[in-house]
Amino acid sequence: DNVVMRQIGILLLCCISLLSSGAQTVPNLYREVDQEKMNHWVDSLFDAMSYDERIGQLFMVIANPKSDNRNMQRLMRYVNEIKIGGILFHKGDPVTQVEVTNRLQKASRIPMLVSLDGEWGLSMRLSGTTRFPKNMMLGAIEDNALIEEYGKEVGRQCREMGIHINFAPDMDVNSNVDNPVIGLRSFGENPEAVSEKGIAYARGLESTGILSVSKHFPGHGDTSEDSHETLPVVRHNRARLDSVELLPFKRYIYDGFAGIMTGHLYVPALDKSHKPASFSKAVVTDLLQKELGFQGLCFTDALAM
């Protein structure tokens, strides 16, 4: 676990060193680690890394959790040639995923970060695992301590699987009934409630050492198009974005959680260049990192979308 946290430290140090000296929130997971040991491990490993290995750390590939020779040869090329920093598995079963994870970690000179796209736990991706309710049902729970306990259990199961990062919670505010891609994945239509539920889930996850990643920044709730197929446009002005779409992410950042995923969204009020938010300096660097003070890890949504 210490090795994984130190590897996260490599990426966090890179992020923090690039930020301005404005008001910023250091992620709890980073702050709670033994700084001296982490810095020693990070520096010694980073100094010994080749240029290709350093670049490879920025990439997390999506792969099939299959142990057949053809698939394993492909995955081994990712590890040995591309020097990938992490992996996100497609749907599969727990036993095979653990087998593949162990083989890849053994082959990788630098410990890889293993992630899960598990907004409602392992069952979103892995067969035969505990089926928890989706977020919209959890949004009806009044006692947020229950959601925190749920987050702890998801975190415990992730640790059993050798998973370090969960791409959750979804903190989109579900304000458009015609949204084809968010819907049940959201905790609801009230920004305050979405903030409270999402933070409770993140707190539970990170209490077990699993890095949480809120998504889809700057907010995918009020769209009527699917970002897997096209580039949705969010047409609200900055005042509306601040009070609705951005509010849950601001609360998440200020409470010191560790990861944020940017969405493939066009938001003219934030960047008129027609770039997706995930590729936009105005959104990721200027807004998320500098203005909102986020010092954690930034992930883009899947590049195959």
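Guide: Rings of Phe, Tyr and Trp (its six-membered ring) form an aromatic pair if their centres lie within 6.5 Å; planes under 30 degrees apart count as stacked, over 60 as edge-to-face and the rest as tilted. The structure holds five aromatic pairs. The model is predicted, so that local features need pLDDT of at least 70 and side-chain atom pairs count only at pLDDT 80 or more, whereas totals for chains, interfaces and linings use all residues. Residues are numbered from 1 along each chain as its sequence is written, and side-chain values use heavy atoms, with hydrogens and water left out.

Visitor: What makes Phe132 and Tyr150 an edge-to-face pair?

Guide: The ring centres of Phe132 and Tyr150 are 5.0 Å apart, and the planes stand at 65° to each other. The distance lies within 6.5 Å and the angle is over 60, so the pair is edge-to-face. Phe132 belongs to the loop between strand E3 (113-116) and helix H7 (135-138), and Tyr150 to helix H8 (residues 144-160), 18 residues apart. Phe132, Tyr150 and Tyr201 form one aromatic cluster.

Visitor: Why is Tyr150 called buried?

Guide: Buried means under 20% relative accessible area (exposed is over 50%, partly exposed in between; 1.4 Å probe, protein chains only). Tyr150 has 8% relative accessibility and therefore counts as buried.

Visitor: Why is the pair of Phe167 and Phe299 edge-to-face?

Guide: The ring centres of Phe167 and Phe299 are 5.2 Å apart and the planes are at 75°, so the pair is edge-to-face. Phe167 is in the loop between E4 and H9 and Phe299 in strand E7, 132 residues apart. Phe167 counts as buried because its relative accessibility is 5%; Phe299, at 14%, counts as buried too.

Visitor: Why do strands E1 and E7 stand at the edges of the sheet?

Guide: Strands are DSSP runs (E, at least two residues) and helices likewise (H or I, at least four), numbered from the N terminus; two strands pair if DSSP finds at least two bridges between them. The open sheet has seven strands in the order E1-E2-E3-E4-E5-E6-E7, with parallel pairing. Strands E1 (60-63) and E7 (297-300) each have a single partner strand, so one side of each is left without a neighbour in the sheet.

Visitor: How do you know that E6 and E7 pair?

Guide: Strand E6 (residues 259-262) and E7 share four bridges in the parallel sense; at least two are required, so the two strands pair. Gly259 stands opposite Leu297 in E7.
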